[in-house]
Amino acid sequence: MTTSIDPAALAANLRHLTSAPPARSSEGSLRGVIEACLQLFSVQGSGLMITDERSTLRYVVSSDGPGRLLETAQIDTGEGPCVDTFVRDEVTVCTDVANDPRWPKLGPIMRGSGVAAVLGVPVHLSGICVASLNLYRSTRQRWDPAECTDLTRYGQVVGATLGAIVSAEQAGALAAQLNYALDYRVPIERGVGYLMARDRIDHIEAFTRLRSAARNSRRKIGDVAMDLLSTGRLPNEG
């Protein structure tokens, strides 16, 4: 059974989180909002994946072992609810990740893991999707629409935390990674749209082709996307 948090309580907690002093490290800040998610919502675990310069999601932080397995398995297979959330920039709902036909390679890995129902929430920075917040429950069940709304609002808190990290001088590699995502997300999306129209494929397949072309040519995906828009060809197409 699912329950929605009281709106007043949620609003009060969100105000507290966004006004709280920043942690000494970027990981500490992100771990704080991930752990707070468990206190606010009836979920067993949560985690955050952030895009890198090749527009591939990378593990950043998770609340527990099963949550980390969910993230690393999606990185290894290149598929899953959090991948779809990032690529499509929309909430992705899953009642039973181990038996969802959308992700045939991920399912066998997650069987017996303690992860069942999964919700992926896009996280934005300056209006650009740069990360995926993942929430999971240990039993198979549907997500209530009101919960999805509340958790989408919570994704805004995570986005505000990322914004603070980018602004901090000590952020280092993570800030550079996020800034690259902001600079190149628009041409990447345009490149994906071009491939969808040219090859009559869906969003996920187009994104996978663009990312694979970047990986195989050892180039950043943003540069490959810009060349695609200029020449009409991917590097491996001659």
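**Reading a helix and a strand**

Mentor: Welcome! Keep in mind that this is a predicted model. We start with helix α8: its buried residues pack against α4 (81-88), α7 (173-199) and α9 (221-231).

Trainee: Which residues of α8 are buried?

Mentor: They are H203, A206, F207, L210, R211, A213 and A214. Seen down the axis of α8, these buried residues fall within an arc of 155°, so they line one face of the helix.

Trainee: What span should the 14 residues of α8 have?

Mentor: At 1.5 Å a residue, α8 (residues 203-216) should span 20 Å, and its end C-alpha atoms are 20 Å apart, which agrees.

Trainee: Which residue caps the N-terminal end of α8?

Mentor: D202 does, with a side-chain oxygen 3.3 Å from the backbone nitrogen of I204. Just after the helix, R218 has a positive phi of about 55°.

Trainee: Now the strands. How many residues of β5 are buried?

Mentor: In β5 (residues 128-137), 10 of the 10 residues are buried, so the strand is largely enclosed by the rest of the structure.

Trainee: Which strands pair with β5?

Mentor: Strand β1 (residues 45-51) runs antiparallel to β5, joined by six bridges. Strand β4 (residues 117-125) is also antiparallel to β5, over nine bridges.

Trainee: What lies between β4 and β5?

Mentor: Two residues separate them in a hairpin, and S126 in the turn has a positive phi of about 55°.

Conventions: Residues numbered from 1 in each chain as written. Predicted model: local features only at pLDDT ≥ 70, side-chain atom pairs only at ≥ 80, totals over all residues. Heavy atoms only, no water. Helix = DSSP H or I, 4+ residues; strand = E, 2+ residues; numbered from the N terminus. Expected span 1.5 Å × (residues − 1). Buried < 20%, exposed > 50% of the residue type's maximum accessible area, 1.4 Å probe, protein only. Arc of directions from axis to C-beta. Contact = heavy atoms within 4.5 Å. Polar contact = N/O pair within 3.5 Å; in protein donor to acceptor, adjacent residues only side chain to side chain. Pairing = 2+ DSSP bridges.
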